[in-house]
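Here are a few exercises to work through with the viewer open. Try each task before reading its solution.

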Amino acid sequence: MSDDTAPSQAAPASVPGSEQGGDERREQALAHDDERREQTLTHDRESRYRTRLGRWKYVVAALGTALTLFQLYTALFGTFTSVIQGAVHVGMALSLVYLLYPARRAQAGRPGVPVHDVFLCGLALAANGYIVLDYERLTTRAVVFGFTPFDVAVATVALLLILEATRRCVGLPIVVIALAALAYGYYGQAMPVFSHPGFSFDALVSESVYSSTSVFGTPVQVSSTFIFLFLFFGVVLVRTNIARFFNDLAFGLTGRYTGGTAKAAVVASGLQGMVSGSSVANTVASGSFTIPMMKRAGFRPHVAGAVEATASTGGQLVPPVLGAAVFIMAEYTGVPYNELVLYAVVPAALYYLGVFSGVHFEALRTGVRGTPKEALPRLRDLLGRSYLLAPVVVIIGLLMAGRSPASAALFGILAALLVSVFRADTRLSAVAFARLFEAGARAALPVIAACASAGIIAGTVTRTGLGGKLAGGIVELSGGLFALVLVLTMVACLLLGMGLPTTANYVVTATVAAPVLVQLGVPTVAAHFFVFYFGIVADITPPVCLAAYAGAGLAGANPMRTGLTAFKLAVPAFLVPYVFVLEPQLLLQDPTVAGFTITLVTAVVGIIAVAAGLVGFAQDDGTLPRAALAAGGLAAIHPSPWVSLAGLAVIAAVVVARRFRRGGNGTPLEGVTG
């Protein structure tokens with residue numbers, strides 16, 4: 001068993017041209033490994049794992065395989081009660097974290113596993129094993145007659161182990177928030193604002209660990225059923241090289257057009273990001289190939305890094321996985337998962353329309369042309385490999401047919417393994433197949449730790465009534481102005497998103513911020529998508545824009561300049577959440593054919609216009625036309641018909657003036673559709 005099996009399921013993207021041999025492609029991938037590893041370690045805490053485990057690699061392999069098999073077993077034959085299912089899920093994950101992730105980054109390269117981490121690994125298994133073995137008493141008699149001192153001690157140890165494991169593989173910010181939540185629960189009476197009676201120490205830690213509302217609450221319940229399976233599905237796609245077909249397909253579809261390498265990067269990163277679940281990991285994996293290509297095509301380094309970061313971040317908004325948070329959203333909103341996936345299609349398309357438009361206009365303005373046809377994958381080759389799309393088609397088809405997410409994921413995994421046997425470059429050897437189960441567990445570790453810590457936060461917010469108090473505070477601070485409530489909620493989501501991974505960020509914002517919008521009359525689905533979107537785009541929002549920093553490292557560009565460029569490319573996409581809050585028809589909430597069509601058309605035109613105004617649309621464009629386009633685009637998106645018509649009129653005026661200036665030649669804005 002290799003020591004360097006990555007815990008992330010993201011994989012290097014393939015270079016265009018599927019006619020290249022497998023050996024050549026592997027050599028190109030290996031050539032980028034060192035740089036990719038360096039950037040990942042710098043910007044992605046989830047990848048700071050030990051690579052020289054020594055004899056402990058066999059223990060890691062056994063534990064990882066056991067965790068994956070447990071998840072597959074419960075998916076096939078039914079789950080246990082939420083606390084038992086969660087305790088096995090979290091306990092095995094924590095034991096792996098302590099074997100794989102060192103206490104400090106500098107220790108990652110040292111051989112072996114220190115004795116204290118082996119002890120913590122065993123302690124994690126023992127603490128959660130205690131919950132499983134004494135489940136009946138802990139959840140019935142102890143609740144009535146009180147928990148013993150030993151029960152409290154075990155609960156305290158379990159909480160500390162969860163927080164430390166989260167710090168190691170996710171980061172410090174979420175741990176700080178979780179500790180603040182626990183402190184708020186304990187010192188409730190002393191709080192100057194939002195005070196509450198407070199909980200005793202024994203009650204606080206015991207209810208956090210032995211109930212199904214905190215550590216083993218909704219986040220872990222969903223992680224131990226749906227999320228793990230979809231992460232494993234992503235691992236299967238990557239390990240079988242099926243995911244590389246997405247990259248070749250993207251280059252084949254878009255590579256020959258203006259700015260083709262960047263457009264291919266947008267499409268490829270979106271396709272890979274929908275199963276990777278990590279903005280930074282996807283940026284590094286795809287960007288190690290796409291960023292050098294964009295630079296060679298003529299894009300400036302900071303632009304190449306920004307394009308990859310923006311496209312990779314948006315991958316978490318693409319159905320069917322949506323960064324894994326969609327499964328938790330289904331539980332919180334009470335809306336079936338297959339319906340949420342359908343609702344997410346139009347917003348995701350609008351996000352990528354904004355990014356795609358920004359890339360297109362940047363290429364027009366800087367004179368970057370498409371990739372020569374002979375350097376692109378041949379259509380015949382792509383069609384010959386089109387059956388590799390079968391796993392994704394199977395999942396989407398089963399979800400639309402009403403099957404459960406777990407069932408759809410299982411059949412998707414099976415379909416991926418079946419189609420992989422037909423090609424030498426996708427077929428798994430016996431050893432690779434055995435390693436697949438360990439890789440699946442490794443990929444899920446940061447998500448499991450984040451969900452457990454997020455459960456602590458959500459449980460405290462629920463038990464203390466903090467969510468309702470914060471909602472009232474935001475409404476009071478905004479003076480009742482709905483637009484200001486949206487802006488304040490957006491800022492809160494962006495700030496939280498700068499330090500939390502997708503699932504944890506969504507849990508916190510869905511608990512604290514989404515109720516504010518629902519209270520003001522926003523449909524529940526629209527409110528939850530609003531906070532979900534802004535939590536994700538925090539990865540490309542300065543000053544803490546980790547995905548953009550990772551892209552800058554690969555591009556050799558200034559990190560802050562790359563972050564600002566990524567933010568500029570994504571500004572049209574920042575409008576999307578406001579659009580579906582103000583116009584819920586885009587989320588298919590009580591739509592009419594006429595209303596949906598008009599709203600969609602104005603949103604499309606507005607987003608393209610805003611992108612043209614912010615980025616520029618030609619080498620000789622001017623400040624006034626760009627400002628007019630941006631303003632017209634914002635107005636076009638406005639829900640008022642008269643404001644929208646005025647915005648469309650401004651956009652039309654700029655386009656017509658541009659055509660007259662060029663003597664009627666060329667397409668409007670130099671090839672908006674090219």
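This is a predicted model: local features need pLDDT of at least 70, side-chain atom pairs count only at pLDDT 80 or more; totals for chains, interfaces and linings use all residues.

**Exercise 1. Check the length of α9.**
Work out what span helix α9 should have at 1.5 Å a residue, and compare it with the distance between its end C-alpha atoms.

*Solution.* Helix α9 covers residues 172–186, which is 15 residues. The expected span is 1.5 Å times one less than that number, so α9 should span 21 Å. Its end C-alpha atoms are 21 Å apart, which agrees.

**Exercise 2. Find the buried face of α20.**
List the buried residues of helix α20 and decide how they are arranged around its axis.

*Solution.* In α20 (residues 390–400), the buried residues are Pro391, Val392, Ile395, Leu398 and Leu399. Looking down the axis, they fall within an arc of 140°, so they line one face of the helix. After α20 comes Gly402, with a positive phi near 95°.

**Exercise 3. Describe how α16 and α25 pack.**
Are α16 and α25 roughly parallel or roughly antiparallel?

*Solution.* The axes of α16 (residues 325–333) and α25 (residues 502–512) come within 9 Å and cross at roughly 25°. Angles under 35 degrees count as roughly parallel, and therefore this pair is roughly parallel. The crossing is right-handed. Among the residues that meet are Ile328 and Tyr332 in α16, and Tyr506 and Val507 in α25.

Definitions and conventions. Residues are numbered from 1 along each chain as its sequence is written. Side-chain values use heavy atoms; hydrogens and water are left out. Buried means under 20% relative accessible area, exposed over 50%, partly exposed in between (1.4 Å probe, protein chains only). Helices (H or I, at least four residues) and strands (E, at least two) are DSSP runs, numbered from the N terminus. The arc is that of the directions from the helix axis to the C-beta atoms. Axes are lines fitted to C-alpha atoms, for helices over the stretch in contact, and angles run from 0 to 180 degrees between N-to-C directions. Angles under 35 degrees count as roughly parallel, over 145 as roughly antiparallel, 65 to 115 as roughly perpendicular and the rest as oblique. A crossing is left-handed if the near helix is turned anticlockwise from the far one by less than a right angle, and right-handed if clockwise. Contact means heavy atoms within 4.5 Å.
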